[in-house]
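Look over the sequence and the structure first, then read on.

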Amino acid sequence: MLVSNLFAKTRKQDPADEQLVNAKLLTRAGFLYKNMAGVYSYLPLGFLVLQNIRRVIREELGAIGAEEVYLNELQDKATWEASGRWDELKDIMYQFKDSRGKELGLATTHEEVVAKIAKEYINSYKDMPKGIFQIQDKFRNEPRARSGLLRGREFEMKDLYSFHSDNECLDRYYQMVAGAYRKIFTRLGIDAIYTTASGGSFSQEPSHEFQAITENGEDTIYYCVKCQIAKNKEIVGVDADEIEVLCDGCGGKLEPKRSIEVGNIFKLGTKFSKAQNLFFKDKDGKERLVIMASYGIGTGRAMATIAEINSDESGLVWNLETAPYKAYVINLTKEKLDIPENIEQKVLYDDGDISAGEKFADADLLGIPYRIVKSQKTGDKFEIKHRKSGKIELITWQEFAKKINV
RNA sequence: CGGGGUGUAGCGCAGUGGUAGCGCGCAUCGUUCGGGACGAUGAGGUCGUGAGUUCGAAUCUCGCCACCCCGACCA
């Protein structure tokens, strides 16, 4: 890909209307465009990152047998009235009437509709466990959208729903998803801490969150460095600043840390199956309610989190999984540079008529994992610099191809 | 929704009552080219919006809109 062909351009200065690192850098690098508070468009490079995040999630959820579906954003009132959430969520759900006077809403989440659909296909204990997920936008009328992509009014989320005949089946699946989540966050370059949180209004049992520790996080977790586990603020209680919170694992003191919730897994119990009359027949032919769980990862939030935790003074830092391109190629010689066909599609070639310094700055700002320079100094080879470590070596195209697995 | 702040060229900003400015970016030409180069010329603005005060408003007053921050709330 030629840099001259890119739709968006980089900027030298931070946007005036952004405060957080993720929004500043993603805007400066031309990954994002803000349309209104809490509503961002993904520009080509940002969309490539988003698609990479989606791909990692799809691969790992596919590996545990979950199937992808596409539910809908437009929802009817009746489905939501069954669970009582049409009224409960009226402040946060976009609700309106169409031209015929029919009352509709934009989905804030999808438990209602997924339970309704499952009723058609889950009839027996033999039909479970089942897991379906989607990657799709949610709409929430946040009283205060903020922090760039971290809290928007329209945001993309992967939501997985599982269906179970008993708690044993549920627990097994729950642990399996937790394992998949660990793999997902590792591949995305997010160091996510498994955190115990409140089950909220759905269940007495705790839920779990995956939290990425960073100064700009909106949450506070109480974290044990030794055991790598943590408790959410709501579990610890309001007086946590005054009292010592101890680790269940080693008994050591838990440290409060600001963090971003990048994922959550949640046992829903029978709340939604009850609302939608989602029953199954057990081995004895008895009708019982399906037990459900839901599991979320905000894809845009994950992107913002990577920007928050991996960036430096020069700009963004993507890994090979998430990066829009694998390398940023700069040619400082007068000769034409021929990039091998198998590599060409994977790299950005800066063909711009600008100074070398500006090209270096752009390579850093975009956060492309490798920077490849051809100059008089490099002879027959190319200088390759790793964005994250700063490590420099001289390599050939063949060696680079091996590095990026093409 | 309460409190605070901001809105002037594509972007970042200056301009406190008397003809609209600077830097970056953009266009043309030339010289440059290992860390955001330089010279020359040029294009680009309903000063968020509506009303009011005034001989005269980017500037003063009021309403509205948008955006940011703190709080409440929240993936």
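## The model and its confidence

This is a predicted model: local features need pLDDT of at least 70, side-chain atom pairs count only at pLDDT 80 or more, and totals for chains, interfaces and linings use all residues. Residues are numbered from 1 along each chain as its sequence is written, and chains are lettered from A and ligands numbered from 1 in the order in which they are written.

The mean pLDDT of chain A is 95. Here pLDDT is the predictor's confidence in each residue, from 0 to 100. A value of 70 or more is reached by 98% of the residues in chain A. For the complex, the predictor gives an ipTM of 0.95 and a pTM of 0.97.

## Domains and core

Chain A is assigned domain 1 (7–310) and domain 2 (327–403). These bounds come from an automatic or database domain assignment. The centres of the two domains, taken over C-alpha atoms, are 38 Å apart.

The largest nonpolar core has 92 residues. Such a core is a set of buried Ala, Val, Leu, Ile, Met, Phe, Trp, Tyr and Cys residues joined through C-beta atoms within 7 Å. A residue is buried if 20 or more other C-beta atoms lie within 10 Å of its own, exposed if 12 or fewer, and partly exposed in between; C-beta atoms are placed from the backbone. Ile190, Val262, Met292, Met303, Tyr328 and Ile368 touch the most other members of the core. Helix α6 gives the most to this core, nine residues. The core lies between domain 1 and domain 2, because both give residues to it.

Helices (H or I, at least four residues) and strands (E, at least two) are DSSP runs, numbered from the N terminus.

## Strand pairs around β6

Strand β6 (residues 103–106) pairs with β4 (residues 74–76) in the antiparallel sense, over three bridges. Two strands pair if DSSP finds at least two bridges between them. Leu74 has Leu106 as its bridge partner.

Strand β5 (residues 95–97) also runs antiparallel to β6, joined by three bridges. Gln95 stands opposite Gly105. The hairpin of β5 and β6 has five residues between the strands, and Gly101 there takes a positive phi near 90°.

Most residues other than glycine have a negative phi, and most peptide bonds are trans. A cis peptide bond joins Met128 and Pro129, with omega about 5°. Pro129 is in the loop between α5 (111–121) and β7 (130–139).

Gln228 has a positive phi near 60°. Gln228 sits in the loop between β11 (219–224) and β12 (229–232). Gln228 counts as exposed because it has 11 C-beta neighbours inside 10 Å. Asn310, in helix α9, is buried, with 20 other C-beta atoms within 10 Å.
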